[in-house]
Amino acid sequence: MRIILLGPPGAGKGTQSKSLAERLKVSHISTGDILRQNVKEGTELGREAKGYMDKGLLVPDALVAKMLQDRFEKPDIKNGFILDGYPRALTQAKTLDEILKAKDAGIDLVVYLDTSDKVIIQRLTGRLVCSACGANFHKTNMPPKEEGVCDSCKAKLYQRTDDTEETVRKRIEVYKNEVASLIKYYEDKGKLHKLSADGDARIVLEKIVELAEGK
Ligand code: AP5
């Protein structure tokens, strides 16, 4: 299965992608995670991307396209993938099509996780991320069993630098400027399915699995 999860910041793309990838035994590719890893390692890409990410802006297409192209060269891609955070604009959707076409592959399903600005701000300003395994928690919605510590690997939890209310609002604005053309693109191809992302995360996951199994 090759699946794209679309949706605003905080819709639950990362949370759902991780569970879905485990369930379907495919790879999880998050452009945000790859960029953050580059920032952490101080690579050239990370240094270039950081300023955009901290302001809630999109990293330039050329940088992200090269990064994605490199990721698609890895052998695990053959088993399928869940793509989280890419594409974010029509230009990126077309780049993705080109990358996949060169591999005689295509997208099977695009799931659009929809939610409101109010939910997004509540979720992101309370989000906690594991510094080692990247697992997501939330101060009140999904608290870790032990404060500040990851349930699975026991590493320290942290708050992302772009999860301040001001930057989250900017990310929502950037997202809204691009999303309509992206939705139309995948609707025209008959690939898009919309789901409310407001319910319990386990229920949202079951709905996505149902859609994937229908393919
Ligand atoms: P990225 O990391 O992709 O951020 P995002 O798209 O803004 O999405 P988030 O990761 O914030 O949210 P999410 O939908 O994954 O929600 P999550 O599951 O974590 O990108 C970061 C930056 O990198 C961008 O701003 C940009 O600068 C750059 N970038 C990345 N890709 C790019 C690209 N293609 N082109 C250019 N630039 C790019 O959930 C959020 C919280 O809610 C968590 O605490 C979670 O526990 C909780 N939660 C999740 N689901 C539920 C639920 N059902 N009920 C209650 N709580 C829930």
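User: How much accessible surface does the protein chain have, and what share belongs to carbon and sulfur atoms?
Analyst: Bearing in mind that this is a predicted model, the accessible surface of the protein chain comes to about 11300 Å², and carbon and sulfur atoms account for 51% of that surface.

User: And what percentage of the residues is buried?
Analyst: Of the 215 residues in the protein chain, 45% are buried.

User: What does the radius of gyration say about the fold?
Analyst: The protein chain has a radius of gyration of 16 Å, which agrees with the value near 17 Å that a compact globule of 215 residues would have. The C-alpha atoms, taken along the principal axes, fill a box of roughly 45 × 40 × 35 Å.

User: How many helices and strands are there?
Analyst: The secondary structure of the protein chain consists of eight helices and eight strands. If we take contacts between residues at least 6 apart in sequence, 69% of them join residues at least 24 apart.

User: Changing topic, how many aromatic pairs are in the whole structure?
Analyst: A search of the whole structure finds two aromatic pairs. In one of them, Phe72 and Phe81 are edge-to-face, with 5.1 Å centre to centre and 90° between the planes, and both Phe72 and Phe81 are buried. Tyr185 and Tyr186 also form an edge-to-face pair, with 5.2 Å centre to centre and 75° between the planes.

User: Are those two tyrosines, Tyr185 and Tyr186, buried or exposed?
Analyst: Tyr185 counts as buried because its relative accessibility is 17%, which falls under the 20% cut-off. Tyr186 is buried as well, with a relative accessible area of 2%.

User: Which residues is Gln92 in contact with, leaving aside its neighbours within four places in sequence?
Analyst: With those neighbours left aside, Gln92 is in contact with Asp61, Tyr86 and Pro87.

Conventions. Residues numbered from 1 in each chain as written. Predicted model: local features only at pLDDT ≥ 70, side-chain atom pairs only at ≥ 80, totals over all residues. Heavy atoms only, no water. Helix = DSSP H or I, 4+ residues; strand = E, 2+ residues; numbered from the N terminus. Rg over C-alpha atoms; globule rule 2.2 N^0.38 Å. Buried < 20%, exposed > 50% of the residue type's maximum accessible area, 1.4 Å probe, protein only. Contact = heavy atoms within 4.5 Å. Areas by Shrake-Rupley, 256 points an atom, 1.4 Å probe, with all protein chains shown as cover. Phe/Tyr/Trp six-rings, centres within 6.5 Å; stacked < 30°, edge-to-face > 60°.
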